[in-house]
Amino acid sequence: MLAYNNGQTINYSSFGNSLGVSNTTVRNYIDLLNGTFMLEIVPPYYRNFGKRIVKAPKIYIADNGLTARLLGISGFEQLSGHSVFGSLWESLVLTSLKGILRGASVYYYRTSNGAELDFITEINGKLIAVECKASKSPSLTRGNHSAIETIKPDHVFVAAPVDNGWSMNRGIDVVSVSELVDRLGVL
């Protein structure tokens, strides 16, 4: 169930009902998996924005190979057309962020109206947003733009599987994962 819900907000009660256990049991297992570094739990980013913010945490299986195996994906051909490709891309970006930002908190932002950004973090007093797009020609949605207007990050990176990044707009750059790591390493 976790593999199919990789990168999604967790509803402990729904998981518990599906598994026939209490939501407390589900929470305890997820806390155990998080404590053993098998899962990453990304809490929501919220301040008093005056909007209805989604406050459930997002969960990611820390190992993309394990996630693919649990889903029965055995090669890139299967993966490239699979519905979880985007969430596996997010997991890869999250792992890279956690590696470069040791000890820094990483959040996500989502409202009930569809405004969202995949990852938010603060580096040396600068608010940085990272949106993950598993496309070689990424574009931001209206919900992404709405989130950017609300949060007002100092910079937005669109992490995409590209060889070389480019500037999308003022303060918004498309970057590869290695470019993201390099750019965040100098902030």
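The structure I am presenting holds three aromatic pairs, where rings of Phe, Tyr and Trp (its six-membered ring) pair if their centres lie within 6.5 Å, planes under 30 degrees apart counting as stacked, over 60 as edge-to-face and the rest as tilted. In one of them, the ring centres of Tyr-60 and Phe-119 are 5.9 Å apart and the planes stand at 45 degrees, so this pair is tilted. The pair links distant parts of the chain, with Tyr-60 in strand 3 (residues 58-61) and Phe-119 in strand 5, 59 residues apart.

A word on the basis. This is a predicted model, in which local features need pLDDT of at least 70 and side-chain atom pairs count only at pLDDT 80 or more, while totals for chains, interfaces and linings use all residues. Residues are numbered from 1 along each chain as its sequence is written, and side-chain values use heavy atoms, with hydrogens and water left out. Helices (H or I, at least four residues) and strands (E, at least two) are DSSP runs, numbered from the N terminus.

Three strands form an open antiparallel sheet in the order 1-3-2; strands pair if DSSP finds at least two bridges between them. Its edge strands, strand 1 (8-9) and strand 2 (39-42), each pair on one side only. Strands 1 and 3 are joined over two bridges, and Gln-8 stands opposite Ile-59. Helix 5 (residues 85-100) lies across strand 2 and strand 3, at about 90 degrees to strand 3; contact here means heavy atoms within 4.5 Å, and the angles, from 0 to 180 degrees, are taken between N-to-C directions of lines fitted to C-alpha atoms, for helices over the stretch in contact.

Six strands form an open sheet of mixed pairing, in the order 4-5-6-7-9-8. Strand 4 (106-110) and strand 8 (166-169) stand at the edges with a single partner strand each, so one side of each is left without a neighbour in the sheet. Neighbouring strands are turned by 30 degrees against each other on average, direction ignored. Strand 7 (residues 155-159) and strand 9 (residues 172-175) pair in the parallel sense over four bridges, with Val-174 as the bridge partner of Val-158.

Two helices complete this picture. Helix 6 (residues 142-151) runs at about 30 degrees to strand 5, whereas helix 7 (residues 177-185) runs at about 130 degrees to strand 9.
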